[in-house]
Amino acid sequence: MERSLKPAGSVCHGFLAAGLGLVLLAGCQTVQTTGAGVVGVERKQTMSSLISSSQIDRSAGQAYRQVLAESGKKDRLNRDAVQVERVRRIAERLIPATKVFRGDATSWAWEVNVITSDDVNAWCMPGGKIAVYTGLIAKVEPTDDELAAVMGHEIAHALREHGRERASEQMAKQLGISVLSVALGLGELGTQLTQTILDVTLSLPHSRTHETEADRIGVELAARAGYDPRAAVSLWRKMGKLGGDKPPEILSTHPSDQSRIRDLQLYTEKVLPLYDAGRKR
Ligand SMILES: [Zn+2]
């Protein structure tokens, strides 16, 4: 499994290599998905124009419905009303804070659900489809500030459209299938994208670049929502101590390294005034 994100240029190169017919369909565009915020995340992203934001959001909506339907069938969806209320209340404070990074996000069709599972996991699919697993709540025993830290981190991945970036990368890797999908039409492409969204959400690791961006934007979201941003440091330390033989699910999709805590501490300091200002109001 490849852990580093390929430079965006190589994604486009892969598409271009497929032949002239595809070149017309598969141009690349450089986009700025978010404003920089106080944390200053400014990396320009290159996306395949084969995959639009709205198409990704549609496929993510379908992927989310699949996950919820499977959980529901096993009676593993929103079983504990107190937990569901807690997680949704935190989301309701974080979501308004997203407007600093992008103006459209507050009007996304956000959904927040709790899945009963031993896995220590949480994620946010493109377009604001959030899940928190009961394993995370039971094993990490997060405070509200810590739960806001992990949810802010996941929301940041969606704001930055990392799912769309990764789908571009995945489709370049599976170029043969992509060409076939294009030949078959957009319906097939949508089906393939739904599977890709499931893969990148549930099993494939984010790159370190994406992790750093989500960490930095995540602490700013938490601070602006009135949650102590320093909880990100204690949260990820707790995560790191879990597991024994098997590290928590969330660390396999959100790879960490030793410099991560240092970076989090640095950026927590940058956003602490936002948190303090909110408390004085
Ligand atoms: Zn992450």
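**Pockets, sheet and zinc site**

The residues lining the largest pocket divide into five nonpolar, five polar and five charged; here Ala, Val, Leu, Ile, Met, Phe, Trp, Tyr, Cys and Pro count as nonpolar, Asp, Glu, Lys and Arg as charged, and the others, Gly among them, as polar. This is a predicted model, in which local features need pLDDT of at least 70 and side-chain atom pairs count only at pLDDT 80 or more, while totals for chains, interfaces and linings use all residues. Residues are numbered from 1 along each chain as its sequence is written, and side-chain values use heavy atoms, with hydrogens and water left out.

The largest pocket holds about 350 Å³ of space. On a 1 Å grid over the protein atoms alone, a pocket is an open set of points with protein on both sides within 12 Å along at least five of seven lines, a cavity is a set where a 1.4 Å probe fits but cannot get out, and lining residues have an atom within 4 Å of a point. Grid points are joined across faces, edges and corners, and a volume is the space filled by probe spheres set on them. Of the 15 lining residues of this pocket, Val 67, Ser 71, Lys 74, Ile 115 and Tyr 133 lie nearest its centre. Helix H3 (53-73) and H9 are the elements giving two or more residues to the lining, and H3 has the largest share, with four. Helices (H or I, at least four residues) and strands (E, at least two) are DSSP runs numbered from the N terminus.

Next comes the sheet. Three strands form an open sheet in the order S3-S5-S4, with mixed pairing; two strands pair if DSSP finds at least two bridges between them. Strand S3 (111-115) and S4 stand at the edges with a single partner strand each, so one side of each has no neighbour in the sheet. From one strand to the next the twist averages 15 degrees. Five bridges join S3 and strand S5 (residues 129-133) in the parallel sense, and Val 112 has Ile 130 in S5 as its bridge partner.

Two helices lie across these strands. Helix H4 (residues 81-97) lies across S3 and S5, at about 145 degrees to S3, and H6 lies across S4 and S5, at about 30 degrees to S4. Contact means heavy atoms within 4.5 Å; axes are lines fitted to C-alpha atoms, for helices over the stretch in contact, and angles run from 0 to 180 degrees between N-to-C directions.

The protein donors of the zinc ion are His 153 (NE2), His 157 (NE2), Glu 211 (OE), Glu 211 (OE) and His 254 (ND1), 1.9 to 2.6 Å from it. Donors are N, O and S atoms within 2.8 Å of the metal (3.2 Å for Na, K and Ca); water is not among the atoms, so sites may look incomplete. Their spacing along the chain is H-x3-H-x53-E-x42-H.
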